[in-house]
Amino acid sequence: MELLNFMYSNTLTTNTAPALLDVLMAADKFEVTCCMWYCSRQLRNLPMTLESALLYLELPSSVLMAEAVQPLTDAAEQFLAARYKDLTKFQEEIMKLPLAGVEAILSSDDLQVASEDAVYDFVLKWTRTQCPQIEGRQEIIGSQLGRCIRFPFMSCRKLRKVLACNDFDHEFASKLVLEALFYKAEAPHRQRNQAAEESAFRGACLQVSTCQGG
């Protein structure tokens with residue numbers, strides 16, 4: 001009924017999150033895009049809470065893929081990333097969150113950790129707690145949480161453990177570790193080249209300045 005009212009009046013009488021979500025999903029089902037944008041905007045104007053953020057991130061995949069919903073899910077991810085940016089401090093709380101929430105937190109560039117090794121350890125701890133079957137852990141790490149780990153910034157000691165870890169698909173782990181090692185091997189070379197280029201640029205600028213002064 002609310003969706004029908006919107007199609008005639010371009011507004012809704014409801015303003016609570018559960019009701020707006022119901023209309024949003026109905027609008028997605030019947031492809032009423034303008035109503036989806038309206039609901040998304042109204043939901044973003046409501047106070048964000050842990051419960052609502054997780055609810056938005058766990059909407060059906062068809063709804064999550066809609067362009068109108070992206071600003072809403074972005075806001076939910078930013079809320080979680082800001083709330084739990086200290087992984088060590090909030091580790092026990094994050095352990096209780098569902099996959100969508102954990103992924104939003106770990107993928108944040110503002111995540112505060114002692115080292116990337118800590119992110120790897122947390123991913124293993126969370127997946128082992130949530131997924132008793134090794135196949136399930138491999139699927140989650142391979143398709144989602146593995147992308148949250150910056151493997152090139154892990155220690156070589158921990159990278160060796162990745163290769164021996166059954167929670168990772170062997171082919172997937174080998175690819176990640178190889179890419180990380182290549183990055184580590186090339187990083188000093190790239191840094192030296194960049195320093196040389198900057199030095200040459202400064203020298204060229206100095207020569208131009210001298211010539212102009214002369």
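Trainee: Which residue takes a positive phi just after H2?

Mentor: In this predicted model, Glu-31 does, with a phi of about 60°.

Trainee: How do you know that H2 has the span expected of a helix?

Mentor: Helix H2 covers residues 17-29, 13 residues in total. Its first and last C-alpha are 18 Å apart, close to the 18 Å expected at 1.5 Å a residue.

Trainee: Which residues of H2 are buried, and what puts them on the same side?

Mentor: The buried residues are Ala-17, Leu-20, Leu-21, Val-23, Leu-24, Ala-27 and Asp-28. They cover an arc of only 165° around the axis, and therefore they lie on the same side of H2.

Trainee: What covers these buried residues, and which residues does the opposite face carry?

Mentor: The cover includes helix H1 (2-9), helix H3 (33-45), helix H4 (50-57) and helix H5 (61-64). The face of H2 turned away from the buried side carries Pro-18, Asp-22 and Lys-29, which are exposed.

Trainee: Thr-14 is found in the loop between H1 and H2. Why is Thr-14 called buried?

Mentor: The relative accessible area of Thr-14 is 16%. Buried means under 20%, so Thr-14 is buried.

Trainee: With which residues is Thr-14 in contact, leaving aside neighbours within four places in sequence?

Mentor: Thr-14 is in contact with Glu-2, Ala-19 and Leu-20.

Trainee: Phe-153 also lies in a loop, between helix H10 (134-143) and helix H11 (156-164). Why is Phe-153 called exposed?

Mentor: Its relative accessible area is 53%. Exposed means over 50%, so Phe-153 is exposed.

Trainee: Which residues does Phe-153 touch, not counting those up to four places away in sequence?

Mentor: Phe-153 touches Glu-116, Tyr-183 and Lys-184. Phe-153 and Lys-184 are 31 residues apart in sequence, and their C-alpha atoms are 8.2 Å apart in space.

Trainee: How many disulfides does the model have?

Mentor: The count comes to zero. Cys-35 is in no disulfide, and the nearest cysteine sulfur, that of Cys-39, is 4.0 Å away.

Trainee: Why are Cys-35 and Cys-165 called buried?

Mentor: Cys-35 has a relative accessibility of 0%, and Cys-165 has one of 9%. The cut-off for buried is under 20%, so Cys-35 counts as buried, and so does Cys-165.

Conventions. Residues numbered from 1 in each chain as written. Predicted model: local features only at pLDDT ≥ 70, side-chain atom pairs only at ≥ 80, totals over all residues. Heavy atoms only, no water. Helix = DSSP H or I, 4+ residues; strand = E, 2+ residues; numbered from the N terminus. Expected span 1.5 Å × (residues − 1). Buried < 20%, exposed > 50% of the residue type's maximum accessible area, 1.4 Å probe, protein only. Arc of directions from axis to C-beta. Contact = heavy atoms within 4.5 Å. Disulfide = S-S within 2.5 Å.
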